[in-house]
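Trainee: Hi, I'm new to this one and would like a walk through it. Could you help me read it?

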Amino acid sequence: MTHEAPLLDASGVEKRFGAVVALKAAALTIRRGEIVALMGANGAGKSTFVKILTGALRADSGHVRIRGTERVVGSPAEARRSGLVPVYQEPSLIPDLDVADNLRLGGTDPAKFKAWMAELGFSTLDLSAMIHSLPLATLRIIDLARALASEPDVLLLDEMTAALPTDLVEAVLRVVKQQAEAGRSVIYISHRFAEIAQVCQRAVVLRDGATVGDVPIEAGAEERIVEMMLGEAIKPGETAAQRAAPAPSGTPRLAVRGLGATGKLTDVSFALHPGEVLGVVALEGQGQDELFEVLAGARKPDRGVIEVEGSPRRFAHPADAIAAGLSFVPGNRADALAMQQSVRDNLALPFSAHPRAWGPIHMRREGEIVARTIERLQIDTRAQGEVGRLSGGNQQKVTIGRWLAHGCDTLLLFDPTRGIDVRTKRQIYPLVRELAASGAAVLFYSSELEEIQLACDRCIVIFNGRVVDTMPASKADEPRLMRAAYGLTESAA
Ligand SMILES: Nc1ncnc2c1ncn2[C@@H]1O[C@H](COP(=O)(O)OP(=O)(O)OP(=O)(O)O)[C@@H](O)[C@H]1O
């Protein structure tokens, strides 16, 4: 038992944004060597709390004690000097500079940064690479390595793993544990309980801006925490084994044969029929980013064929893919949202792409559908005037809600539930299934393996740019998916 003062002890923290009460009684204590989860539904106030603790925002009131001394953390630099270093939910890197310049701007020691990148499995990262050319997962790892290079006493990770495939999640969890073994502390925000169970000793639970629990992580904790977070228990989701699989026949909506593109995509083939949800599983950098970019018209393939409804198509521009009925939800929500526009305008975007449908009746129908989507996805609209002011999970709901509202022929979903809380995820899977049941074809890349059984009919596994396995979702348990994703399978599609 130690009598040392906690490294960080915050209580009674309040924060308003105009009429929005983001925090009303947030509290959290962390001691040396502890890993503490900070949990809560989308919009509960987790990111706001982290920003206050790390000097990016000022609290309206409350107490923050660092090593026993009351402090006002006035700026990020001050937080850093006190040993509190965050990795925020969105990459904090300047897109038009290269990695080295970003390091220089933040005063990061390149040698320490490189050592952490190597530890996280990125020993060959080119420091002259432009940030905008790197995939989201790599940017998250750069953010983490940069934070680790400053040797923080308390590392605050805000959904660090949400955009990461399984292999990188493992690397992050290993590093988090090492921090605690070295006597440092970590505040770990995630919607993935499996990760929390692996590394955290306890969870602080926020609900509607107030800390409502501080729970040890032990058997049975998950249900208790979910109930505290939501005020209710949630039903388990329906899995592929529990529902009838569609029997695809006739011309596929989308057929891809021998597709390759400069970079990591070498040879991908599959057929996707109306009414079907086809999962895509891959570890980091196996060609999945390139596959979706090619299908969305954002990257040119250098071999292979794409057919839509049986006719070969070439997409020179995203507009060509959209004209062919392919709607893309990118992994990086910043690429999908008009951040300064309202929730309603963002949800209604596909309607305004069809100006012939304008008129009073369509306007009313549009309004009804948008309102229904907000309700079905429980989008927190307290800051609805500007999407950029919503919490991360609520922004993500808008990116997919847009297509769920409007309907579409072929939907390309790239990790659509990133950062979405457990209850909303369980609401999104049936909505994707409904969309398919109404005739849409859905391609669904997920970095969370359990989603394949919850949302898909079949799945393909990509390794080294090729499809190495294909299976019905009912057989896609995690061990089989992992074996295939690491290339340990002989069968090919
Ligand atoms: N700059 C801002 N202006 C107005 N409202 C804001 C602003 N920043 C956050 N909010 C609001 O504060 C509330 C809490 O948001 P916060 O991002 O802290 O939630 P969160 O728990 O991190 O959610 P998520 O799990 O979705 O990331 C939300 O209602 C959000 O819309």
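Mentor: Happy to! One term before we start: helices (H or I, at least four residues) and strands (E, at least two) are DSSP runs, numbered from the N terminus. With that in hand, Leu-278 is found in strand 13, residues 277-281. Residues are numbered from 1 along each chain as its sequence is written. This is a predicted model, where local features need pLDDT of at least 70 and side-chain atom pairs count only at pLDDT 80 or more, while totals for chains, interfaces and linings use all residues.

Trainee: Okay, is Leu-278 buried or exposed?

Mentor: Leu-278 is buried, because 24 other C-beta atoms lie within 10 Å. The cut-offs are 20 or more other C-beta atoms within 10 Å of its own for buried, 12 or fewer for exposed, and partly exposed in between, with C-beta atoms placed from the backbone.

Trainee: And what is Leu-278 in contact with, leaving aside neighbours within four places in sequence?

Mentor: Among its contacts are Phe-270, Leu-272, Phe-444, Cys-456 and Cys-459. Two residues are in contact if their C-beta atoms, placed from the backbone, lie within 7 Å. Leu-278 and Cys-456 are 178 residues apart in sequence, yet their C-alpha atoms are 5.7 Å apart in space.

Trainee: You mentioned Cys-459. What does that one touch?

Mentor: Not counting residues up to four places away in sequence, Cys-459 touches Leu-278, Gly-279, Val-280, Val-281, Ile-452, Met-471, Ala-473 and Ala-476. Cys-459 is also one of the residues that touch the most other members in the largest nonpolar core, which has 78 residues. A nonpolar core here is a set of buried Ala, Val, Leu, Ile, Met, Phe, Trp, Tyr and Cys residues joined through C-beta atoms within 7 Å. A second, separate core has 70 residues, including Val-36 and Val-172.

Trainee: Zooming out, how is the protein chain divided?

Mentor: Into domain 1 (8-230) and domain 2 (254-486), with bounds that come from an automatic or database domain assignment. Taken over C-alpha atoms, the centres of the two domains are 28 Å apart. Domain 1 gives 22 residues to the contact and domain 2 gives 25.

Trainee: Which helices supply the domain 1 side?

Mentor: Helix 5 (136-149), helix 6 (166-181) and helix 8 (221-230) each supply at least two residues there. Helix 6 gives the most, with 3 residues. By class, that side of domain 1 has 13 nonpolar, 6 polar and 3 charged residues. For the classes, Ala, Val, Leu, Ile, Met, Phe, Trp, Tyr, Cys and Pro count as nonpolar, Asp, Glu, Lys and Arg as charged, and the others, Gly among them, as polar.

Trainee: What does UniProt say about these regions?

Mentor: The unreviewed UniProt entry places the feature "domain: ABC transporter" at residues 8-233 and 249-489. Such positions are given in the numbering used here, feature names are shortened, and annotations may be inferred rather than shown by experiment. Over residues 8-233, the chain is 35% helix and 27% strand, with its end C-alpha atoms 31 Å apart.

Trainee: Switching to the ligand, how many residues surround it?

Mentor: There are 22, and the closest are Phe-17, Ala-22, Ser-47, Ser-391 and Gly-393. A residue is near a molecule or strand if its C-beta atom, placed from the backbone, lies within 6 Å of it. Strand 2 (20-30), helix 1 (46-53) and helix 13 (392-406) are the elements that give two or more residues to this shell. The shell has 6 nonpolar, 12 polar and 4 charged residues, and draws at least three residues from each of domain 1 and domain 2.

Trainee: Last topic: where does Arg-67 lie?

Mentor: Arg-67 is in the loop between strand 4 (61-66) and strand 5 (69-70). Its phi is near 50°, a positive value in a residue other than glycine. Arg-67 counts as partly exposed because it has 15 other C-beta atoms within 10 Å.

Trainee: And what about phi of Asn-464?

Mentor: Phi of Asn-464 is near 55°, again a positive value in a residue other than glycine. Asn-464 sits in the loop between strand 19 (458-463) and strand 20 (466-472). With 15 other C-beta atoms within 10 Å, Asn-464 is partly exposed.
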